[in-house]
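User: I would like to learn how to read salt bridges in a model. Could you walk me through them with an example?

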Amino acid sequence: MNPQNEHPEIAEVDWIDDAFRVYKTKYGLWHSAAKDGEELVTALDEQGCISGTRFYLKGRQEGWSEDNSRVVNDGKVGGKL
């Protein structure tokens, strides 16, 4: 993308791998977000956030193998409420 056509707020952000950014919240956690604003990963430190986001985006791009992913909870509540 031509820097002259970029929105000023986006141009000021330090994009990692030209795909996402990381920022620290007021509670001390680190979050990553894609260029479209999608929140991706939360971590305790900046490097963990960057590494986790790279791993997540690679898995999403290449497809998750059975070795790296599993469903822990299907989100359904059984029984009577």
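Analyst: Gladly! Keep in mind that this model is predicted. Let's begin with Glu-38, which pairs with Arg-60 in a salt bridge, their closest N and O atoms 3.0 Å apart. Glu-38 sits in the loop between β2 and β3 while Arg-60 belongs to helix α2, so the contact ties together parts 22 residues apart in sequence.

User: How exposed are Glu-38 and Arg-60?

Analyst: The general idea is that "partly exposed" covers the range between buried, under 20% relative accessible area, and exposed, over 50%. Glu-38 has a relative accessible area of 32%, so it is partly exposed. Arg-60, at 39%, is partly exposed too.

User: How many salt bridges does the structure hold?

Analyst: There are 3. Another one joins Asp-17 and Arg-54, with the closest N and O atoms at 2.7 Å. Asp-17 is in the loop between α1 (8-11) and β1 (20-24), and Arg-54 is in helix α2 (residues 46-62), so this pair ties together parts 37 residues apart in sequence. Asp-17 is partly exposed at 49%, and Arg-54 is partly exposed at 40%.

User: Which residue meets Lys-35 in a salt bridge?

Analyst: That is Asp-18, with an N to O distance of 2.9 Å. Lys-35 lies in the loop between β2 (30-34) and β3 (39-43), and Asp-18 in the loop between α1 and β1, so the pair links distant parts of the chain, 17 residues apart.

User: Is Asp-18 buried or exposed?

Analyst: Its relative accessibility is 56%, so Asp-18 counts as exposed. Lys-35, at 37%, counts as partly exposed.

Notes
Residues numbered from 1 in each chain as written. Predicted model: local features only at pLDDT ≥ 70, side-chain atom pairs only at ≥ 80, totals over all residues. Heavy atoms only, no water. Salt bridge = Lys/Arg side-chain N within 4 Å of Asp/Glu carboxyl O. Helix = DSSP H or I, 4+ residues; strand = E, 2+ residues; numbered from the N terminus. Buried < 20%, exposed > 50% of the residue type's maximum accessible area, 1.4 Å probe, protein only.
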